[in-house]
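Look at the model first, then read the points below.

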Amino acid sequence: MLNFPIPYPEELIYSTVARAGIREGIISPKELLDEIYGNIKVIATMDLPNQLNRLSRLLPPDYTVGTIAYRHTLFPLYAPFIPEERRKQCLSWMAGESRGAVHLAMGVTASLVKPPGHVRYCPGCLREQQCIFGEYFWKREWQIAGVICCEKHGQLLNTAITRPLNDRHQFHAASPDTCQLFPQRPACNESQTILAQARQLLGQRPATSLSYQQWSTHYRWLAHQNGFIRGQVHIKHSEIAEAVTARWSGRFLRRYGLGIDRNSDYCWLRAIFRKHRKSFSYLQHIIIHHALLPENWSITDVISSVREMPASLESESTERIHVGTEHGLTHDQQDWMKMLAEQPPKKARTTAPALYARLYRYDRLWLKQVNQDQPRANVVIRKSRVDWRRRDLHYLAKLREILRFLRAHPSGPRQSQTYLLKQLGKLSTLEKKLDRLARTKRLLERYTESVPEYQKRRLMNAWRQLNQDFEHPPRWRLLRIAGLSEARLTQEARDYLNGLEENDDNSNNQGNRGQQSS
């Protein structure tokens with residue numbers, strides 16, 4: 001396409017494509033896709049589009065894929081909070097075909113914070129655009145979840161265009177038909193706070209993303225700075241929740257799916273102060289830092305300070321070891337050394353599990369080193385205190401008594417090995433030590449009932465019961481009384497049942513012959 005328009009400052013590249021269709025007079029959405037992308041199956045995505053390689057070829061040379069992604073999409077809102085390898089992979093997907101992978105990899109799809117339900121605009125900003133540029137366009141900040149107003153003109157208004165778009169292949173342009181210039185309500189303070197920090201994120205240039213370990217260390221430091229940590233590990237989550245709810249209204253938090261449940265162990269506010277195993281939304285980071293940092297805080301300053309944190313657990317542990325060597329041991333390290341002077345590491349771990357857990361998490365390399373340097377105590381081999389022969393005779397006698405009782409009552413459950421061991425008591429212990437109980441084990445193997453034997457016993461019981469009422473018990477009644485079916489019968493039980501019926505038929509035939517001869 002010739003004369004593809006240059007994106008305006010803070011304009012979504014989605015809006016630029018829509019303006020290109022208006023300038024060329026293209027009405028058909030598929031024709032516009034074929035003209036720009038050479039592919040009529042491209043999805044019109046507003047926040048994190050793909051096929052940016054195609055667009056960069058239509059723009060001046062300084063408009064690379066990275067430039068378009070960071071200046072004309074919402075990619076900068078998510079990039080600092082995902083690992084570096086994933087950031088690079090997402091840029092690669094946005095350059096070509098993503099097939100929805102970008103939204104999944106950046107956590108947008110599964111995030112608690114959902115995108116706005118409609119495309120939004122600011123009538124006051126549109127008037128200014130008309131005066132300066134002579135046309136309307138979609139600004140990035142209008143489509144940010146958590147931003148519902150313009151600090152200059154008032155609250156944003158919704159268009160009739162829903163998100164996600166009903167027509168996935170159509171690029172909707174900002175125009176007087178879609179954006180009516182209605183009066184606006186005054187701006188709200190909470191949205192202005194989000195907008196100020198979101199603008200700083202949108203102004204970020206391409207940079208290396210931060211690791212989960214860096215974010216975990218930062219939030220532990222943040223809790224420590226505000227006095228919301230007990231010792232070195234235990235976070236006072238209830239006090240953090242009070243601080244957040246004091247700065248943000250419950251209505252605002254619930255509106256974006258970030259309501260705080262103080263009784264739930266799975267609340268997002270608790271998870272973000274624990275070890276990070278997934279990325280969190282920019283809105284969650286802004287809400288917490290605004291509640292715990294001074295008024296003049298900046299999200300870019302926070303990102304810069306987090307970037308100075310150790311990037312991995314090993315580097316953090318190594319750094320702590322060097323600090324301990326130069327300035328003395330920490331209190332936990334001193335306590336551990338005192339315990340090692342009196343007992344071996346394994347016993348010390350059992351004695352003080354919380355101390356061991358803290359050292360294992362934050363000083364793992366130091367802990368392993370001092371435990372290995374500790375002289376090993378002489379292992380005393382103790383003789384077994386259990387008389388297994390006596391115990392074997394005890395369980396043997398008890399098992400024989402149980403078997404005599406079961407033979408006297410034939411209508412019982414299947415006499416499997418597990419069932420018999422349960423009757424003896426201490427099932428788990430006997431299963432583990434059964435090899436030491438030789439006589440008991442042999443008796444169990446002899447009298448343990450298999451599934452075919454159990455079915456034959458049930459059929460015999462049913463036969464005896466029906467013989468009292470029927471001269472020739474029907475097969476279906478036998479199966480019903482026995483609780484069996486033709487499908488569940490084993491081959492041995494089937495042969496046994498056939499044998500019962502044949503014996504019954506033979507006895508009937510002999511009886512008939514005797515009557516005829518008489």
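The radius of gyration is taken over C-alpha atoms, and the rule for a globule is 2.2 Å times the number of residues to the power 0.38. By that rule a compact globule of 518 residues would have a radius of gyration near 24 Å, but this protein has 38 Å. The model is predicted: local features need pLDDT of at least 70, side-chain atom pairs count only at pLDDT 80 or more, and totals for chains, interfaces and linings use all residues. Residues are numbered from 1 along each chain as its sequence is written, and side-chain values use heavy atoms, with hydrogens and water left out.

**Overall form**
- The C-alpha atoms fill a box of roughly 125 × 80 × 40 Å, taken along the principal axes.
- The protein has 26 helices and 6 strands; these are DSSP runs (helices: H or I, at least four residues; strands: E, at least two), numbered from the N terminus.
- Of the 518 residues, 45% count as buried, meaning under 20% relative accessible area, with exposed over 50% and partly exposed in between (1.4 Å probe, protein chains only).

**Charged patches**
- A patch here joins like charges within 9 Å, from residues with over 30% relative accessible area and no salt bridge (a side-chain nitrogen of Lys or Arg within 4 Å of a carboxyl oxygen of Asp or Glu).
- R389, R400, R404, R407, R439, R442 and R446 form a positive surface patch.
- Helix 20 (388-408) gives this positive patch its largest share, 4 residues.
- R442 lies in helix 23 and is exposed, with a relative accessible area of 52%.
- E24, E31, D34 and E35 gather in a negative surface patch, and its largest share, 3 residues, comes from helix 2 (residues 29-36).
- D34, found in helix 2, is partly exposed at 44% relative accessible area.

Note on methods:
Patches are made of residues with over 30% relative accessible area and no salt bridge: like charges are joined within 9 Å, nonpolar side chains (Val, Leu, Ile, Met, Phe, Trp, Tyr) within 5 Å. Accessible areas come from the Shrake-Rupley method with a 1.4 Å probe; for residues, only the protein chains shown count as cover. Lys and Arg count as positive and Asp and Glu as negative; His and the chain ends are not counted. The place of a charge is taken as NZ of Lys, CZ of Arg, CG of Asp or CD of Glu.
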